[in-house]
Amino acid sequence: MALVFEEIHAAPQGKRINEEWFVLANSGGTPISTAGLSVVVSRPGKRGSVLGQIDPGFLLQPGEKILVVSGVPGKKSQGDPPAREGMRVYHLFLREGLLRGDGTTVRFALNQMDVAKAVYDKAAPNGIAATPP
């Protein structure tokens, strides 16, 4: 998959979902559009739930990274959204966070086919569980 999760960061408090964020990167050689991708979340051993679609989405050039935040930018009660120099920020405008503890799988899918997928591990330095060989 050319679209990859590089980092996952859970919100320290459940209601502060602007502090829950992901870094996505385009590791391929062509631009990637995320318009219309479904956001799917699941717990270990459970079927995934579609929480919405990325609309209008964003375009990532080869090698480009973007910071994806779960919350709404103008809602102060959801916390302060992060910022990183040289990275755009895209908000998902969700009412609640995606991460439900260790083992939560976050997927971006198109027509039930995974485009990007990661499993959350709070003990990992980048928040992503190592994939088995």
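Trainee: Why does Phe93 count as exposed?

Mentor: Its relative accessibility is 52%, and the cut-offs are under 20% relative accessible area for buried, over 50% for exposed and partly exposed in between, with a 1.4 Å probe and protein chains only. Because 52% is over 50%, Phe93 is called exposed. This is a predicted model, in which local features need pLDDT of at least 70 and side-chain atom pairs count only at pLDDT 80 or more, while totals for chains, interfaces and linings use all residues. Residues are numbered from 1 along each chain as its sequence is written, and side-chain values use heavy atoms, with hydrogens and water left out.

Trainee: What makes Gln112 exposed, and where does it lie?

Mentor: With 79% relative accessibility, Gln112 is above the cut-off, so it counts as exposed. Gln112 lies in the loop between β9 and β10, and its phi is positive at about 65°. In this hairpin, which has 2 residues between the strands, Asn111 also takes a positive phi, near 50°.

Trainee: Which peptide bond is cis?

Mentor: The bond that joins Asp55 and Pro56 is cis, with omega about 15°, and Pro56 has its place in the loop between β5 and β6 (59-60).

Trainee: How do you know that β4 and β9 pair?

Mentor: Two strands pair if DSSP finds at least two bridges between them, and 5 bridges join β4 (residues 38-42) to β9 (residues 105-110), so the two strands are called paired. They run antiparallel, and the bridge partner of Val39 in β9 is Phe108. β9 also pairs with β10 in the antiparallel sense, over 6 bridges. These strands belong to an open sheet of 4 strands in the order β5-β4-β9-β10.

Trainee: Why are β1 and β8 placed at the edges of their sheet?

Mentor: That open sheet has the order β1-β2-β7-β8, with mixed pairing. β1 (3-9) and β8 each have a single partner strand, so one side of each is left without a neighbour in the sheet. β1 pairs with β2 (residues 21-26) in the antiparallel sense over 6 bridges, and in β2 the bridge partner of Phe5 is Leu24.

Trainee: What makes a group of residues a nonpolar core?

Mentor: The residues must be buried Ala, Val, Leu, Ile, Met, Phe, Trp, Tyr or Cys, joined through side-chain atoms within 4.5 Å. The largest such core has 25 residues, and Leu3, Phe5, Phe22, Leu24, Leu98 and Phe108 have the most contacts inside it. β1 gives the most to this core, with 3 residues, while a second, separate core of 5 residues includes Val23, Leu67, Val69 and Met87.

Trainee: Which residues are in contact with Leu24, leaving aside its neighbours within four places in sequence?

Mentor: Contact means heavy atoms within 4.5 Å, and the residues that Leu24 touches in this sense include Leu3, Phe5, Phe58, Ile66 and Phe108.
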